[in-house]
Amino acid sequence: MRDRIEELLPLTQAVYQILLALTDRERHGYAIMQDIAERTKGRLELGSGTLYGTIKRMRRDGLVEEATTREDPELDDQRRRYYRLTEFGWSVARAEATRLSRLVSDARSRMLLEDGR
Amino acid sequence: MRLHWLLVRLLLPERFRREYGRELRYDFELRAGSARYSGARGRLLLWTRELADLSRAAVRERPPAVAETLRAVVLDVTLGARSLRRRRGLALGASGVVALGIGVATAGYAALDAVLLEPLPYPEPHELVVVYNHGVFEGGSRWLVEHSREQLREFESSIDAFEAVGAFTAGRADLIGAVEPSSVMRVRASPPLLEMLGARPAIGRLFGGDDRATDVALLPRGAWQSRWGGAEDVIGRRLRLGVDSYTIIGVLDDDFAVQGLDAEVITPLPADGEGEFRVLARLAQGVPVDVAREELRAFYRSRDGIVGDSRSPDPAYRFPLISLHAREVHRVRSSVLALTGATGLVLLIAYANATSLLLVSALRRREELATRMALGAGRLRIARMLLAEGVAVAVAGGGVGVLVGDLLLRVIVSQQPGGIPRLDQVRLDPEAVAFAFAISLAVGVAAGLVTVWGSVRGERTSGLAGRDAGGSRRAARLRASLIAAEVALAVVLLAGAGLLVRTLLELHEVELGFDGSNLLVLELRLSSDTYPEPAEQHAFLAELEREMLSRNAVEAFAVGSAVPLGRSRGAVWVDFFPDDVPPGFDGSSPPDFPGFGTREGEYTANSVTVSRSYFDALDMPLLWGRLAEPAAPDAEEREVVISERMAENLWGGRQAIGEAFRLFDRRLTVVGIVRDVRFGDVRIDYLPTIYFPLERQRLDRTLHVMLTTRGQPGDFAAEARQAVWTVDPVLPIRSLATMDELRGRWIAEPRFYSLLIGWLALSAMVLAATGLYAVLSHAIRQRTREIGIRMALGATRRGVVGLVVRQGLATAAIGLVAGALVAGWFTQWLEGLLFRVSPGDPGNMLGAVLLLVAVALAAVARPAARAAGLDPKVALRAE
């Protein structure tokens, strides 16, 4: 499994953020987009075409799966498809986060990042 | 939303669509509804982002080969744009021309969509129909607008095709209880009608169901905001309509309009009793209008024994059932189609012009193209390059064209005459922009293809050698046909414009018979509640007269039940004493009295009740006799004044004085004859009119007060209102207008149409002229050597000029002939808009042709001068 994970890294921004969005609970597409936009404070805004294209590939790679389809009262009860992380998806997310934090440590050791910059 | 789905279908592969299509749609709807993307800028941002995102997804989701091709196309167009930058003059010229054409066409499409194509704003609007009644009279049957209550019940029980039947009446009523007393459009509706038309309460509730109360009222949103100031606590307040009082129980979430009438107050239909109503029905799901119509006809036939024919060649507009949409757009349909057709013509002209320019440019680059081919570029590659240039020019032009279209639409909306349904709602929506984009693309591809066809054949060797007989002959023919086409289309537009301008002039010139330049007209209605007796009515008028005349600005005061050019009219049928029948009476009415039926043995006349000062106020001379003296309200003998036309028709003129006729058992004696004036539409002939003296009579409830003002009548309007309310503070003023404004109403529509077509014709002429000029300039350049030779061989400058002019005119001539033929067909569509000029008027056609000949001569002038100015020695050495 380690090799499979390694193959996928580094993740693109979109994939990484989608994984993050699904760490706390299942979400449907629009909620994922909103969560990302909020969390990154507008830095990354995914359009639907890009989002679902990415989700399609993530499903193919086994990172996410369809959870349920249920009505969302916030959306006039439209029936929406909800997605969630797979075990594998969790592992990949953690691996990427670890990789990124190592890179940040490297930068810090050279004083590139001074107090929260 | 359908535009979005269209884009998704266009751009994304099917498998992806199937899997994620619904979510794409939901997400877009949610985003569109969010605050961030509201307003015009927000929407632009939304669509731009969505388009970019979908395009990226389109490329990513496709198999690599396809993605590669798409990328290649984008590259081609980018290169095309870059190469055009080197030839900026041409690029700007062609783009500008395309911008004009696309702008006009987009505006035309948007207007067509808003007026004719857009479905009515009701639930399932295609199921709604207007139901006509059937009446049998001596001499045949007629279709009627109104139905009895009993008939309504029968519809509900016996017509299977009707899923629901709604009834209403509409009329003006005097409203008291809002911000100020006024006259409003009041609709009485049955609960099924409210449901059919999708009325929903925003505050409070609707009437209907178990609630049988009839003294309740609903307010449409617009009226609530304008007349009650949008007050939140309006529920429970009372209002008065005429003598009746109502409690407001609800405010609708939107405006409420039925058959073109904008309701301002809605009350329930009375529960029982007599009454006649207009009826709309909703057809059962899946039942076509034809089938329902047949069922209704059978119903009438079984009830009446016969049934009238449907009376119309137009399948969408047949009695007794006409679709609601068809009914509303019927009147303007052919005019709007004609105008949209005209915008299409301008687009074609622009296309021909742009193509011609691109062609000329490609020919000038023959050497460059030949070099490329010698260096290995295949014909296909060259063709792709030229095609891409065409597309780049067109798309750039299209972008500007959208702005032009938006500007045009603003002008259209601001100038609109008001009789055209929903024209005030037209705007450049995403659909129109998509249309513009699609058309630009089509124009670009078409122009590119023609350019390729006209220039790429046989280029390989001959281009390098510098001379090229075969290819350029074909190109020359092509250019000539393009120009001829432009000229032809310009003739068509000019012919149309000419007719409309003539109509406008005729309307202005129509003799009105009176002078209304200083008149202000107020329409008032005295309710029988406040003014039950004639004495009270006349007391009010006397006081109003005193009040008005006390103001400086007012010179004279007159009252009548109708004013010339106004909308009210009353018809009466009079007959004659057996031993006193006028020599001119042939047994029935004058045949051209519109809107009122004729009756055997009776004479139809317009009837107006007037004060003594009426004729003076209108400057209508009394031709013979004197004014009529008022009689007691129930006197059996009365004096009247009649109009010139009536006197001539019946008694041959002044002999009418002293003659008498009969109306409702009263003997009316003619004591005076007055000059004709136009009541109603300026387009109809003078109506035979009987003038009754106003004094002492029980008055029509609608009165027109005419004030002759010193200075501009419009300036007195506000003061006039105050003067009325000084005498009676709760008297609603139905309308207030100067005589010029009244007249303007009749002219507004023709003026609007001539403005539009005039503008289109002007664009067409400019385009045709510049096209001709460009082509001839190029031709002269091509034939410089030839001209040099001719001059060296002794041709005079005159001869050379003649040569050029003949060449230019020959091309134009073909276009003129073709154009004249097409114009003959096109102008028929305008028939409904014309007045005193026929569509095929030869003078008009000749004028259009001559005008274009003049334009063509102007276009050839400079090239001809240039040709004449050529120095033979220089010319001979030219390439």
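## Packing of H6 and H9 in chain B

In this predicted model, Gln151(B), Glu154(B), Phe155(B) and Ser158(B) of helix H6 in chain B are in contact with Glu295(B), Leu296(B), Phe299(B), Tyr300(B) and Arg303(B) of helix H9. By class, these residues comprise 4 nonpolar, 2 polar and 3 charged.

H6(B) spans residues 149–158 and H9(B) spans residues 289–304; their axes lie 12 Å apart and form an angle of about 125°. The two helices are therefore oblique to each other. The crossing of H6(B) past H9(B) is right-handed.

## Packing of H1 and H2 in chain B

The crossing is right-handed.

From H1(B), the contact involves His4(B), Trp5(B), Val8(B) and Arg9(B); from H2(B), it involves Arg17(B), Gly21(B), Leu24(B), Arg25(B) and Phe28(B). This contact contains 4 nonpolar, 2 polar and 3 charged residues.

## Interface between chains A and B

The size of an interface is often given as the accessible area lost when the parts come together. For chain B and chain A, the buried area is about 1700 Å², with carbon and sulfur atoms contributing 43%. The contact involves 18 residues of chain B and 20 residues of chain A.

Across this interface, 7 salt bridges are found. A salt bridge also links the side chains of Arg81(A) and Glu19(B), with an N to O distance of 3.0 Å.

## Backbone features

Most residues other than glycine have a negative phi, and most peptide bonds are trans. Chain A has a cis peptide bond between Leu9(A) and Pro10(A), with omega about -10°. Pro10(A) lies in the loop between helix H1 (2–8) and helix H2 (13–21) of that chain. In chain B, a cis peptide bond joins Phe319(B) to Pro320(B), and omega is about -10°. Pro320(B) is located in the loop between H9 and strand E15 (321–323) of chain B.

Met111(A) is not a glycine, yet it has a positive phi of about 60°. Met111(A) occurs in the segment after helix H5 (87–109) of chain A.

Note on methods: Residues are numbered from 1 along each chain as its sequence is written. Chains are lettered from A and ligands numbered from 1 in the order in which they are written. This is a predicted model: local features need pLDDT of at least 70, side-chain atom pairs count only at pLDDT 80 or more; totals for chains, interfaces and linings use all residues. Side-chain values use heavy atoms; hydrogens and water are left out. A crossing is left-handed if the near helix is turned anticlockwise from the far one by less than a right angle, and right-handed if clockwise. Helices (H or I, at least four residues) and strands (E, at least two) are DSSP runs, numbered from the N terminus. Contact means heavy atoms within 4.5 Å. Ala, Val, Leu, Ile, Met, Phe, Trp, Tyr, Cys and Pro count as nonpolar, Asp, Glu, Lys and Arg as charged, and the others, Gly among them, as polar. Buried area is the accessible area (1.4 Å probe) that two parts lose on being put together, summed over both. A salt bridge is a side-chain nitrogen of Lys or Arg within 4 Å of a carboxyl oxygen of Asp or Glu. Axes are lines fitted to C-alpha atoms, for helices over the stretch in contact, and angles run from 0 to 180 degrees between N-to-C directions. Angles under 35 degrees count as roughly parallel, over 145 as roughly antiparallel, 65 to 115 as roughly perpendicular and the rest as oblique.
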